[in-house]
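Work through the exercises below with the sequence and the structure at hand. Try each task before reading its solution.

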Amino acid sequence: MSKHAAVTRAIRALGLTLGTAVLVAATAAAPLAGALAPAAPAAAATASAPRTGLLAEYLFTQTAGSSVPNTAGGSSTVGAASVVNGTDALWTGSSLKFTGGAKTSTTADWVRLPDGLLAGKQSATITVETKFDASMLTTFNFLWNVGSDSTTSYFFASMRDKARTAITTASNGGEANARATASLAADRWYSVTTVLDGAADTLAFFIDGVKVGQTATTLEPSSIATQTVNAIGRSPWPDPFYKGEVSTFRAYDRALTAAEVAAVSDADAGMHASTFASSAQAALDAIQPISMTDSSITLPTTAAAGLSWSAPSAGLALGASGTTLQAVQPAPGSPAASGTVTATANVRGVTASKQIPVSVAPAAEPGDDYGYLMVHFIEDSAGYAEKIYLDVSRGDDPEQWDPLNDGKPILASQLGTTGIRDPYLTVNPETGTYYIIATDLRVFGGDGGSGSCTSWCYWTKSASTKLLVWESTDLVSWGEPRSIDVSLDATGTEVVELGMAWAPEATWVDDYTPDGRGAFIVYWASNVYQNPEHTGTSYNRVLWGATTDFTQGTFAYGGPFVDPGANAIDTTMIQDGGTTYRITKDNGLGKGIYMESTTAARWWEPGTSWTQLQTKIGAAWAGGNAGGVEGPAVFKSHSEDRWYLYVDVIPSTGYRPMTTTDLDAGWTQLTDPGFFMAPSTKHGGVISLTKAQYDEVRAADASTAVTTDLGSVEVAEGSDAEALADALPATAEVTLAYDRGTAPRAVTWDAASVDLDTPGTYEVTGVVGTYSANLDTWTGAGGSTAWNAPDRVLASSRAVAVHANVVVTAAQGPSFAVQAETRCVAGKAVLVTQVSNTADAAAEISVTTPYGSKTVQVAAGKTVSQTFSTRLASVPAGEVVATSHSGSETAAFAARACN
């Protein structure tokens with residue numbers, strides 16, 4: 001078992017994110033003592049907020065009252081804001097306190113903004129200076145809202161979990177979200193800005209003047225038709241009131257530029273500059289010693305401050321981005337190396353610095369358990385994101401993840417609905433073949449049905465019953481998808497009436513068959529019907545089948561696996577010792593995600609007894625709503641008796657972590673602020689890697705070549721395809737993601753344009769073997785991207801392409817001459833040959849005649865004669881052949897009679 005993750009977990013900094021990065025040469029160095037640099041003064045206290053397009057400006061700097069004037073000036077006609085349930089005690093002179101409380105509270109204060117604040121506007125910017133209570137990180141809340149009490153149409157920002165801004169006219173399922181990539185720190189002043197640009201169709205989110213998230217949307221402020229309960233601190237949902245403080249609120253009728261957003265942040269920073277030094281110091285004090293369990297790590301970041309890094313000691317190096325630390329790890333079994341690096345914390349212009357100790361762990365062996373690979377999809381109501389994505393752990397840390405392929409999709413499906421959801425990754429231990437299996441469903445932009453049964457009604461009653469399947473032997477290169485219909489048997493005969501097939505997973509059983517052969521037990525969710533028309537009532541339940549390779553020809557339908565008599569979906573499983581644990585999402589009995597166990601060896605068979613261990617798992621991540629999480633993914637740590645369960649917070653938040661050291665005791669929420677996963681990472685599966693596999697995954701994560709021109713190669717006229725393949729460069733150097741340097745990757749060349757029989761110069765192109773070479777898009781006839789377009793063909797949109805010139809050289813004639821004549825000697829015919837070497841170097845030349853063969857060495861510019869005895873009195877006319885490496889020549893000789 002690997003020790004690396006346990007070390008990382010033990011020392012990871014509170015409130016910090018630790019990660020991976022690059023590979024460079026380094027040597028160990030002794031650690032240096034820490035030192036604190038003096039804080040710099042606030043940099044931008046004299047900045048001012050833009051006035052153009054300013055509709056409303058509310059400065060919460062008064063000391064009493066419930067009316068807050070609009071100080072926008074100019075042509076603005078927007079009125080004052082009013083504090084609801086306010087008291088004079090809530091005014092600090094530089095801010096208004098928001099006390100928070102349940103939605104039913106009659107004393108919680110909030111601010112009512114004028115009606116129609118953004119009515120009819122194409123674009124808008126809303127910026128708020130605020131600090132929030134720690135409870136807001138785990139509680140649903142709206143910092144501000146433009147809309148009404150409707151939960152269908154609204155525009156807002158929230159500080160919960162990873163802060164975000166969103167707009168929707170289709171309730172929470174239709175939210176277009178722009179998110180921060182990490183949670184913010186409580187009790188620290190932030191400038192929080194939303195920019196909705198109707199002309200560019202984008203929604204952007206800024207923290208302290210820096211863009212932290214953006215998404216595409218065609219919605220505009222005017223899309224929120226009813227704006228009668230615009231508010232600060234109040235949600236239209238039954239969420240608690242906001243708890244924290246607000247100093248300023250501004251609304252513009254245009255999209256501010258990034259520079260203008262930064263100016264607003266700088267202007268408002270001056271109000272609280274005296275608090276920033278302590279915030280910067282606290283951020284530094286929270287940084288624990290850094291443990292490098294990989295040859296490259298992404299240096300810690302914190303939501304409390306911007307961190308920069310400098311002055312690595314001897315044996316360490318910063319990557320080109322300045323955010324990665326690199327070293328050559330000591331050999332396996334060797335002592336750890338050590339050093340230091342300097343961290344500088346910046347809170348809105350106020351800085352402090354400190355040296356941080358670094359330890360460099362010895363490298364893992366190639367066959368050691370090391371690292372994890374996760375498959376998942378992404379929810380994006382505004383785009384086509386229902387594809388396959390892969391993330392890799394940062395080193396051996398199961399709590400930190402890097403998206404591969406620049407976070408872009410790796411695989412697409414042109415089959416069925418053209419959508420991919422709920423993917424799962426598994427391996428056949430007998431063949432070493434890896435499989436991705438997934439749901440064939442496209443929610444956004446696909447077939448939503450018609451008539452009275454559309455959307456989820458249609459998708460549970462008349463949707464695809466096929467599972468999508470991809471194969472790989474190296475976890476990098478994946479073939480085209482195929483499908484397997486779980487309602488059919490191996491002969492293609494329908495054996496059960498299913499409404500859909502969702503969220504497939506599989507567990508390998510070594511001795512599935514009576515004769516001890518292994519197979520996958522596959523389980524998925526379906527509605528089951530009693531007739532082909534699928535009339536009558538049904539509900540989701542989990543079914544099972546068996547296969548060895550996810551092809552129709554080996555598939556056998558089994559029957560019910562999880563059937564509580566009410567909706568159940570999304571089963572995932574893990575085994576420990578002789579116990580099998582299954583974790584399922586209940587949507588009918590109020591249990592939410594629940595876990596059961598059994599010690600039965602053939603756990604999939606009817607009649608197996610299961611013991612319920614826990615219900616409502618992960619509900620805390622959805623504000624206590626057990627129905628607000630689904631798609632659980634479970635896996636075990638390499639390094640300790642610790643298990644992880646990721647739960648998908650719907651509709652678009654994505655995975656949040658649970659953990660346990662005792663499966664029978666159940667799961668608890670993992671709130672370590674060092675946990676990192678990209679936003680909207682949804683419903684997938686995780687597998688364990690070896691160190692060799694981890695290194696291969698990292699080496700294949702590149703989207704550019706160091707150079708695309710691989711030069712010229714020469715082949716002789718008349719060469720074959722094998723000779724051409726040998727001449728072309730076998731690899732190209734690529735630039736790796738996450739500042740990990742460069743690596744050689746194999747090139748697949750397309751040399752169809754080369755005519756090996758015609759001299760000339762031909763340009764050929766090649767595709768480099770990286771993740772971006774996989775088939776991630778498709779088009780139909782006429783370039784159509786409609787889900788039901790005919791003749792859909794897969795392609796790669798991001799392949800790393802290189803090129804080279806192939807020079808086919810003209811064949812050269814032989815560099816020698818040959819002559820032949822016959823003579824009579826003692827009544828017998830004799831054949832005499834002469835070979836003249838016209839080349840600049842000696843040559844070995846073979847002469848073949850009807851009367852024997854000889855090989856001679858002929859110096860440059862010389863001629864050599866050879867005599868062949870025929871032992872015949874007469875000979876007919878004939879010819880001789882002379883051959884060398886440069887070719888062949890023939891010479892005729894005349895008949896001769898010597899009697």
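**Exercise 1. Count the helices and strands of the protein.**

Solution. This is a predicted model. Its secondary structure consists of 64 strands and six helices. Next, take the extent. Along the principal axes, the C-alpha atoms fill a box of roughly 140 × 70 × 60 Å.

**Exercise 2. State what share of the residues is buried, and how far apart in sequence the contacting residues lie.**

Solution. Start with burial. The protein has 899 residues, and 52% of them are buried. Now turn to contacts. Take those between residues at least 6 apart in sequence: 64% join residues at least 24 apart.

**Exercise 3. Describe the accessible surface and the charges of the protein.**

Solution. The accessible surface is about 34,100 Å². Carbon and sulfur atoms account for 52% of that area. For the charges, count 52 positive and 86 negative. Then compare their mean positions: these are 4 Å apart.

**Exercise 4. Find the disulfides and give their pairing.**

Solution. A disulfide is a covalent bond between the sulfur atoms of two cysteines. The criterion here is a pair of cysteine sulfur atoms within 2.5 Å. Searching the whole structure gives two disulfides. One joins Cys453 and Cys457, with sulfur atoms 1.9 Å apart. Another links Cys824 to Cys898, at 1.8 Å from S to S. Number the bonded cysteines in sequence order, and the pairing reads 1-2, 3-4.

**Exercise 5. Is the link of Cys453 and Cys457 left-handed or right-handed? Is each cysteine buried or partly exposed?**

Solution. First, the torsion. The value about the S-S bond is -105°, and the link of Cys453 and Cys457 is left-handed. Next, accessibility. Cys453 has a relative accessible area of 17%, so this residue is buried, as the cut-off is under 20%. Cys457 reaches 36% and is therefore partly exposed.

**Exercise 6. Which parts of the chain does the disulfide of Cys824 and Cys898 tie together?**

Solution. Begin with the bond itself. The torsion about the S-S bond of Cys824 and Cys898 is about -85°, so this disulfide is left-handed. Then place the two ends. Cys824 sits in strand β56, residues 816-825. Cys898 falls in the segment after β64, which spans 896-897. The pair therefore ties together parts that are 74 residues apart in sequence. Cys824 is partly exposed, at 38% relative accessible area. Cys898 counts as buried, because its relative accessibility is 15%.

Technical notes. Residues are numbered from 1 along each chain as its sequence is written. This is a predicted model: local features need pLDDT of at least 70, side-chain atom pairs count only at pLDDT 80 or more; totals for chains, interfaces and linings use all residues. Side-chain values use heavy atoms; hydrogens and water are left out. Helices (H or I, at least four residues) and strands (E, at least two) are DSSP runs, numbered from the N terminus. Buried means under 20% relative accessible area, exposed over 50%, partly exposed in between (1.4 Å probe, protein chains only). Contact means heavy atoms within 4.5 Å. Accessible areas come from the Shrake-Rupley method with a 1.4 Å probe; for residues, only the protein chains shown count as cover. Lys and Arg count as positive and Asp and Glu as negative; His and the chain ends are not counted. The place of a charge is taken as NZ of Lys, CZ of Arg, CG of Asp or CD of Glu.
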